[in-house]
Amino acid sequence: KQWYQRRVRGESLQLDYETLPHGLLAEGWKMVLCHVRGGGENGRDWYLQGVGSQKKTAILDTLSCIHYCHNTSISAPSTSVLQSVSAGSLVATRAVQHHPGIISKLVLQLPFLDLSTTLSHPHLP
């Protein structure tokens, strides 16, 4: 079983152990945090390469993370779950649409899926 998560908007990813799904981890789930063009650790330019009209880069990064987990036997498509929050839901949804069998479940929290508005306004992520 696998749990993926991503963050957006140029914020540095801080792993908060208090919010980890401890019950799932105790049941043998593995958790991988795919830091897809979302944080500030690699600089503002790196972040900007995955937003607005460059959103496809973030989608490809998401797919690369999932493929890595499958290719290294961390997980398999039949047991993989992709979770995303807010604007990250757009990236997660598009990744799954491009490769429908790549995961078994998609969990979207407070999904923001308005592609046309996102891509037509450069100030939106």
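How many helices and strands does the secondary structure of the protein chain come to? The chain has five helices and four strands. Helices (H or I, at least four residues) and strands (E, at least two) are DSSP runs, numbered from the N terminus. This is a predicted model: local features need pLDDT of at least 70, side-chain atom pairs count only at pLDDT 80 or more, and totals for chains, interfaces and linings use all residues. Residues are numbered from 1 along each chain as its sequence is written, and side-chain values use heavy atoms, with hydrogens and water left out.

**Fold and contacts**
- Along the sequence, the pattern of the protein chain reads β-α-β-α-α-β-α-β-α.
- Take contacts (heavy atoms within 4.5 Å) between residues at least 6 apart in sequence: 68% of them join residues at least 24 apart.

**Surface and burial**
- Of the 125 residues, 38% are buried, meaning under 20% relative accessible area (1.4 Å probe, protein chains only).

**Helix H4**
- H4 spans residues 88-98 and is mostly covered, with eight of its 11 residues buried.
- Among those buried are Gly-88, Ser-89, Thr-93 and Val-96.

**Largest nonpolar core**
- A nonpolar core is a set of buried Ala, Val, Leu, Ile, Met, Phe, Trp, Tyr and Cys residues joined through side-chain atoms within 4.5 Å.
- The largest one has 16 residues, and Leu-82 and Ile-103 touch the most other members.
- Helix H3 (55-71) and H4 are the elements that give two or more residues to this core.
- H3 supplies the largest share, six residues.

Technical notes
Buried means under 20% relative accessible area, exposed over 50%, partly exposed in between (1.4 Å probe, protein chains only).
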